[in-house]
Amino acid sequence: MESNRDLFDLYQRDVYRTCYYMVHNASDAEDLTQEVFITLFRSNREHIEHLKAWIMKITVNHCLNYLKRRNSLHMKVSANPYLFTGTESKPVDRLVEDRESAEEWAVYMNRLPAKIRAVLTLRYMHDFTLAEISELLTIPLGTVKSRTHKGLRLMERILRDTGVQIPELEGENYEKSRTGIEAQIK
């Protein structure tokens with residue numbers, strides 16, 4: 001069995017070259033090469049028959065994981081540019097959000113019954129799906145839906161009482177108004 005130093009000397013160029021070809025960046029390839037060798041040094045390689053194939057498999061897996069993480073980060077950045085520029089292009093249906101502070105919204109939310117507030121908080125502030133909320137709160141999905149609907153109706157009433165202009169809830173306007181209230185809660 002080869003020592004860690006011998007292993008590094010023997011396979012370092014192959015590992016680096018593979019990393020470089022996969023990520024197309026010299027410094028990232030160097031970092032990945034180090035990660036690969038750290039993994040190799042910590043592994044029990046006594047019973048490995050085809051050492052080079054095993055090392056290349058580890059190398060490719062590290063590179064694929066890196067590319068997946070990098071792609072995920074790029075998608076998050078491109079989907080949320082306002083997090084990095086400090087500005088957000090807001091949709092028109094956010095009726096009051098620009099005027100109301102977080103403290104005022106906390107007051108509005110506190111006026112809701114606790115069970116409804118829990119559902120609305122999980123749904124609109126933490127972006128859980130209805131099914132996830134059902135599981136988290138151990139209540140039926142239908143109950144989650146009805147509490148969401150009732151909560152939006154109550155929030156509409158609270159907003160109207162505070163002087164916020166909301167379109168009448170009839171026909172198509174119902175969906176537009178509901179969307180506007182949902183957006184304000186977020």
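Trainee: In which helix is the place of W105?

Mentor: W105 lies in helix 5, which covers residues 102-110. The model is a predicted one.

Trainee: What makes W105 buried or exposed?

Mentor: The relative accessible area of W105 is 8%. Buried means under 20%, so W105 is called buried. The C-alpha atoms of W105 and L159 are separated by 10.0 Å, although the two residues are 54 residues apart along the chain.

Trainee: L159 belongs to helix 8. How do you know that the span of helix 8 agrees with its number of residues?

Mentor: Helix 8 comprises 21 residues, 141-161. The expected span is 1.5 Å times one less than the number of residues, which gives 30 Å for helix 8. The end C-alpha atoms are 30 Å apart, and therefore the two values agree. Helix 8 is followed by G163, which has a positive phi near 95°.

Trainee: Which residues of helix 8 are buried?

Mentor: They are V144, R147, T148, G151, L152, L154, M155, E156, I158 and L159.

Trainee: Why are E156 and R160 said to form a salt bridge?

Mentor: The criterion is a side-chain nitrogen of Lys or Arg within 4 Å of a carboxyl oxygen of Asp or Glu. For E156 and R160 the N to O distance is 2.7 Å, so the pair qualifies as a salt bridge. The two residues are four residues apart in helix 8, which means that about one helical turn separates them. E156 is buried because its relative accessible area is 9%, whereas R160, at 30%, is partly exposed.

Trainee: How many salt bridges are there by this rule?

Mentor: The count is four.

Trainee: What makes D14, R17 and K52 one network?

Mentor: They are joined by salt bridges that share partners. R17 meets D14 at 3.6 Å, N to O, and D14 also forms a salt bridge with K52, where the closest N and O atoms are 3.6 Å apart. By contrast, R17 and D14 are three residues apart in helix 1 (residues 4-23), so about one helical turn lies between them.

Trainee: Why are R17 and K52 called partly exposed?

Mentor: The term applies between 20% and 50% relative accessible area. R17 has 38% and therefore counts as partly exposed; K52, with 43%, is likewise partly exposed.

Trainee: Why is the aromatic pair of Y16 and Y20 called stacked?

Mentor: Ring centres must lie within 6.5 Å to pair, and planes under 30 degrees apart count as stacked. Y16 and Y20 are 6.2 Å centre to centre with 20° between the planes, so the pair is stacked. They are four residues apart in helix 1, and about one helical turn separates them. Y16, at 26% relative accessible area, is partly exposed, as is Y20 at 34%. The structure holds four aromatic pairs, and F8, F37 and F41 form one aromatic cluster.

Trainee: Where in the protein chain is confidence lowest, and where highest?

Mentor: The lowest mean pLDDT is 52, in helix 9 (residues 171-185), and the highest is 94, in helix 2 (residues 26-42). Over residues 169-174 the pLDDT is below 50, and this stretch has eight contacts in the model beyond near neighbours in sequence. Where pLDDT is low, the predicted coordinates should not be read in detail. For the protein chain the mean pLDDT is 78, and 72% of its residues reach 70 or more.

How values were computed:
Residues numbered from 1 in each chain as written. Predicted model: local features only at pLDDT ≥ 70, side-chain atom pairs only at ≥ 80, totals over all residues. Heavy atoms only, no water. Buried < 20%, exposed > 50% of the residue type's maximum accessible area, 1.4 Å probe, protein only. pLDDT = per-residue confidence, 0-100. Contact = heavy atoms within 4.5 Å. Phe/Tyr/Trp six-rings, centres within 6.5 Å; stacked < 30°, edge-to-face > 60°.
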